[in-house]
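Please look over the sequence and the structure shown here before reading on. The briefing below goes through them topic by topic.

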Amino acid sequence: PFVLQCLRRDEGDRAGKIGLGLTVTKKLGGAVVRNRARRRLREALRLTLPGPARPGADYVVVARAAALSVPFARLQSELVGAFEQMAFRLERGRR
């Protein structure tokens, strides 16, 4: 239902914070459809974070059409899994 992108940030003043962006493109549909997808993802992120997200990284969530139709509980679990996978990749990349 989404794509998660991540980039590690090594800035001193923001190294302890989580950066988050949310993108919903016009390919998804009109304004009403895009806003619905944005609201669903924003609420799922609100309930999920900061849990699996790592401070010192910027994340971008790109909505896909499935974000409108999957059950909300599955959307949340997919977010948790994606953030955990990114955290694993970030930790593995530091070694």
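Which residues does threonine 48 touch, not counting residues up to four places away in sequence? Threonine 48 touches Gln76, Leu79 and Val80, where contact means heavy atoms within 4.5 Å. This is a predicted model, in which local features need pLDDT of at least 70 and side-chain atom pairs count only at pLDDT 80 or more, whereas totals for chains, interfaces and linings use all residues. Residues are numbered from 1 along each chain as its sequence is written, and side-chain values use heavy atoms, with hydrogens and water left out.

**Sheet**
- Three strands make up an open sheet in the order β1-β3-β2, with mixed pairing; strands are DSSP runs of E with at least two residues, helices are runs of H or I with at least four, and both are numbered from the N terminus.
- Because β1 (2–8) and β2 (18–23) stand at the edges with a single partner strand each, one side of each is left without a neighbour in the sheet.
- The twist averages 15° from one strand to the next, with axes being lines fitted to C-alpha atoms, for helices over the stretch in contact, and angles running from 0 to 180 degrees between N-to-C directions.
- β1 and β3 (residues 57–63) run antiparallel and are joined by seven bridges, and two strands count as paired if DSSP finds at least two bridges between them.
- Arginine 8 has alanine 57, in β3, as its bridge partner.

**Helix α1 and threonine 48**
- Helix α1 (residues 31–48) lies across β1, β2 and β3, and runs at about 160° to β2.
- Threonine 48 is found in helix α1 and is buried, its relative accessible area being 10% (buried means under 20%, exposed over 50%, and partly exposed in between, with a 1.4 Å probe and protein chains only).

**Nonpolar core**
- The largest nonpolar core has 23 residues, and those with the most contacts inside it are Phe2, Leu4, Leu41, Tyr59 and Phe83; such a core is a set of buried Ala, Val, Leu, Ile, Met, Phe, Trp, Tyr and Cys residues joined through side-chain atoms within 4.5 Å.
- β1, α1, β3 and α2 (72–94) each supply at least two residues of this core, and the largest share, six residues, comes from α2.

**Salt bridges**
- The structure holds two salt bridges, each a side-chain nitrogen of Lys or Arg within 4 Å of a carboxyl oxygen of Asp or Glu.
- Glutamate 43 pairs with arginine 46, the closest N and O atoms being 2.6 Å apart.
- Arginine 74 pairs with glutamate 78, the closest N and O atoms being 3.4 Å apart.
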